[in-house]
Amino acid sequence: MSLLDDFIVRAVLAGLGLVIAAAPLGCFVVWRRMAYFGDATAHAALLGVALALTFNISIFAGVLSVALIMAVTVSALAGRGFAMDTLLGVMAHSSLAFGLVAVSFVPSVRVDLMAYLFGDILAVGRSDLVVIWLGALMVVGLLYWRWSALLTATLNPDLAYASGISPKREQIILSLALALVVAVAIKVVGTLLIAAMLLIPAASARAFARTPERMAVIAMVIGMLSILGGIQSAFTFDTPTGPTIVCVGALLFVVANLVRLVRGQAK
Amino acid sequence: MSLVSVDNVSLSLGGRQVLDQVSLHIDTGEIVTIVGPNGSGKSTLLRVIIGALTPQTGQVTRQKGLKIGYVPQKLHIDPTLPLTVRRFLSLPKRVSDAAAHAALEDAGAGHLCQHQMTSLSGGQFQRVLLARALLMEPDLLILDEATQGLDQPGSADFYSQIETLRHKKGCAVLMVSHELHVVMAASDRVICLNGHVCCHGAPEHVASAPEYRALFGTGTHGALALYRHEHHHDHDGCDHDHSYEENA
């Protein structure tokens, strides 16, 4: 096997593009206890796919608009006595269900939503790569620009208000970034991989990080290792690529926490 | 113009009227303390002033470009967020290492620089919060029971730091405090709040107001006596408790 095989190179590049945006974004998801947000956005994206097919618009536009609507709805409702996890859980399940129902109304189009759930990273084309990387760089730029304000708002909304930062605005920026990542990546890597790459690298990085910035960087490295290790293993063991990447990520999570445990006891 | 003025602000939370037609203003360099029983809307009022809550009626006017240093009553930091004391001091605006170290030394927390925020004790945490608020060189320092959890030297140090800051930078202070003897010693004005403003004015005036007595009873006579000693230094031979001054 050679990594020069074109489709493998494209798969690796697509995965790395996803990870550079998803890993730092995932840190905020973890810090804000919004683990369900990835799921909810990803499931809402399926509804977007269904609507896009029904109304014959581009999947990117469909996914982005539904993900944005969901993000704004969640942000608006979160302040009104709903707990975030409840809200996201309701959104995640209902948007998936609505998506499946919506698709059943389009008999002319034979859609396999499973393809969007798991994606096929090995089928990434050149134009997909451009979309993924453009989206990823935009998200990274957005996070870099808003980093300090986002972090302050995440730490404590009142501290943010006192410093003249609007936590609501930062919440919307975060939701926007999340919607963008899902929209650019869903077609090629699927919602399962997106949600996993948001959460697992960030959760693993916590074990080694002393500052938020370092956690974001370590999450990126762990995410990249998962992509490279996952694609390599999928080839070696002839297993489905997306799920294999997630498995490698999960193993890294376990290893990271074992290392933390051992180091903690050595002290 | 006042740094902040609050005009006829009313606010209900969860169907309960918390603030009822509250008006107050804070001018440059003055120390204003809000006293009041639990549930009287003290913290809510502070959150209205920083802009975290929007009043249903009335208006809050902040001076343009007003820098607020805010110390909340409690601050929960999620254990998933790794954050050293040093990094915390640079949120949201970066401060130099020298300034950060100086602020921590002043707050008596110099050795904590590289510690994780989540590993600090209650008192240490409070010292770091105060150091951060002072580092921002605020025009207005808002303290919501900022010294709770501090030992007495810590709390006395803190109040003397505020005095210094006020003299050096002309920073105004708005605080909620339950330490009535400190309140009476350190404030220019006292506002007694119980949903509405019961009474306000100079500490002596408020302490003798019937509304204040009705809320706090006569147990504050001692506080007032102590206040008189400390403020006027009227040492007419009595051996009173001088603990606050000695620690200051």
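The following exercises, each with a worked solution, go through a predicted model of two chains, A and B.

In this predicted model, local features need pLDDT of at least 70 and side-chain atom pairs count only at pLDDT 80 or more, while totals for chains, interfaces and linings use all residues. Residues are numbered from 1 along each chain as its sequence is written, and chains are lettered from A and ligands numbered from 1 in the order in which they are written.

**Exercise 1. Confidence in chain A**

Find where in chain A the confidence is lowest and where it is highest.

Solution. Begin with pLDDT, the predictor's confidence in each residue, from 0 to 100. Chain A has an average pLDDT of 86, and 94% of the residues score at least 70. Next, turn to the helices (DSSP runs of H or I, at least four residues, numbered from the N terminus, as are strands, which are runs of E of at least two). The lowest confidence in chain A belongs to helix 5 (residues 113–118), with a mean of 74, whereas the highest, 95, belongs to helix 9 of chain A. Where pLDDT is low, the predicted coordinates should not be read in detail.

**Exercise 2. The contact between the chains**

Work out how many residues of chain A and of chain B take part in their contact, and which elements of chain A contribute two or more residues.

Solution. Two residues are in contact if their C-beta atoms, placed from the backbone, lie within 7 Å. The contact draws 22 residues from chain A and 19 residues from chain B. On the side of chain A that touches chain B, two or more residues each come from helix 1 (6–31), helix 6 (126–155), helix 7 (157–162) and helix 9 (212–237). Sorted by class, that side of chain A holds 13 nonpolar, 5 polar and 4 charged residues, where Ala, Val, Leu, Ile, Met, Phe, Trp, Tyr, Cys and Pro count as nonpolar, Asp, Glu, Lys and Arg as charged, and the others, Gly among them, as polar.

**Exercise 3. Helix 3 of chain A**

Compare the reach of helix 3 of chain A with its expected span, and state what its buried residues pack against.

Solution. The expected span of a helix is 1.5 Å times one less than its number of residues. Helix 3 (residues 59–78) of chain A has 20 residues and reaches 28 Å from its first C-alpha to its last, close to the 28 Å expected. For burial, count the other C-beta atoms (placed from the backbone) within 10 Å of a residue's own: 20 or more make it buried, 12 or fewer exposed, and anything in between partly exposed. The buried residues of helix 3 of chain A include A:Gly62, A:Val63, A:Leu64 and A:Val74, and the buried residues of this helix pack against helix 2 (35–55), helix 4 (84–104) and helix 8 (167–205) of chain A.

**Exercise 4. Strand 3 of chain B**

Describe how strand 3 of chain B is covered and which strands it pairs with.

Solution. First, 5 of the 5 residues of strand 3 (residues 31–35) of chain B are buried, so this strand is largely enclosed by the rest of the structure. In a regular strand the side chains alternate between the two faces of the sheet. Here B:Ile31, B:Thr33 and B:Val35 are buried on one side, and B:Val32 and B:Ile34 on the other. Two strands pair if DSSP finds at least two bridges between them. Strand 3 of chain B pairs with strand 7 (residues 172–176) of chain B in the parallel sense over 4 bridges, and B:Thr33 stands opposite B:Met175 in strand 7. Strand 3 also runs parallel to strand 8 (residues 189–194) of chain B, to which 4 bridges join it, and there B:Val35 has B:Cys192 as its bridge partner.

**Exercise 5. Helix 4 of chain B**

Check the length of helix 4 of chain B, and then determine what covers its buried residues.

Solution. At 1.5 Å a residue, the 14 residues of helix 4 (residues 122–135) of chain B should span 20 Å, and its end C-alpha atoms are 20 Å apart, which agrees. Of these 14 residues, 12 are buried, so helix 4 of chain B is largely enclosed by the rest of the structure. Among the buried residues are B:Gln124, B:Phe125, B:Arg127 and B:Leu135. What covers the buried residues includes strand 5 (68–71), helix 2 (85–89), helix 3 (97–106), strand 6 (140–144) and helix 5 of chain B. After helix 4 of chain B comes B:Glu137, whose phi is positive, near 45°.
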